[in-house]
Every structure is written in C-alpha cells, then in structure tokens.
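Colleague: I have a few questions about how the labels on this model were assigned. Could you walk me through them?

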Amino acid sequence: MNKYIEIRVLTITNYILKTNSTIRQLSNVFGLGRSSIHLDLTERLTKLNPALANDVKVILDNHKAQRHINGGNATKEKYAQLKKKSSY
C-alpha cells in the first residue's frame, strides 16, 4: 500500500473517531468518493491497525442501525405533507 494512502486512511480514521461523521459527510470533507472512504475504513484500516478498525466498525454499525429509522421518518413526513396539501 502506498504511503499516501496509509496517511489518508489514518487521517480519515482520526476524523471519524472525533466527529462521528457518516460516510457521506466524510466524502464531502475529504473530497473522495463514498466507495473510496468505505474501502479505506473497512479493508485498508483493518490491515493497518485492527484496533482502530474495531472502533470505526462500531461507529459504522451504529450509523447503519439508524439508517432505517431516518428513512422511515422521512417517508412519514413526506406523506404527512402530501396529506396536508390535499386537504386544502
């Protein structure tokens, strides 16, 4: 693995541990694609530092668990707005 990739992986790791950011937020901050961020945090970090990889995995699993709740709330809000518009 190239040295600049190792530095990038560790930089992203430190940022997610400090801020608890999502993959999409990290993508915007670092100017990389979501796939690259995900690859860095799941596969490359595991090879570089397994202990940090476990800490990041906890954060990513938590985000994954919250995703369906956020989607459900967004759908609920969407249909509440549609119902409100149709009742006028």
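Modeller: Happy to! Helices here are DSSP runs of H or I with at least four residues, numbered from the N terminus. On that basis D61 lies in helix α4, residues 50–86. Bear in mind that this is a predicted model.

Colleague: Why is D61 called partly exposed?

Modeller: Buried means under 20% relative accessible area and exposed means over 50%. D61 has 39% relative accessibility, so it counts as partly exposed.

Colleague: How many aromatic pairs does the structure hold?

Modeller: One. The ring centres of Y15 and F30 are 5.5 Å apart and the planes sit at 85 degrees, so the pair is edge-to-face. The cut-offs are centres within 6.5 Å for a pair and planes over 60 degrees for edge-to-face.

Colleague: What makes this pair a tie between parts of the chain?

Modeller: Y15 belongs to helix α1 (residues 3–19) and F30 to helix α2 (residues 23–30), so the pair ties together parts 15 residues apart in sequence. Y15, at 30% relative accessibility, is partly exposed, and F30, at 28%, is partly exposed too.

Terms used:
Residues are numbered from 1 along each chain as its sequence is written. This is a predicted model: local features need pLDDT of at least 70, side-chain atom pairs count only at pLDDT 80 or more; totals for chains, interfaces and linings use all residues. Side-chain values use heavy atoms; hydrogens and water are left out. Helices (H or I, at least four residues) and strands (E, at least two) are DSSP runs, numbered from the N terminus. Buried means under 20% relative accessible area, exposed over 50%, partly exposed in between (1.4 Å probe, protein chains only). Rings of Phe, Tyr and Trp (its six-membered ring) pair if their centres lie within 6.5 Å; planes under 30 degrees apart count as stacked, over 60 as edge-to-face and the rest as tilted.
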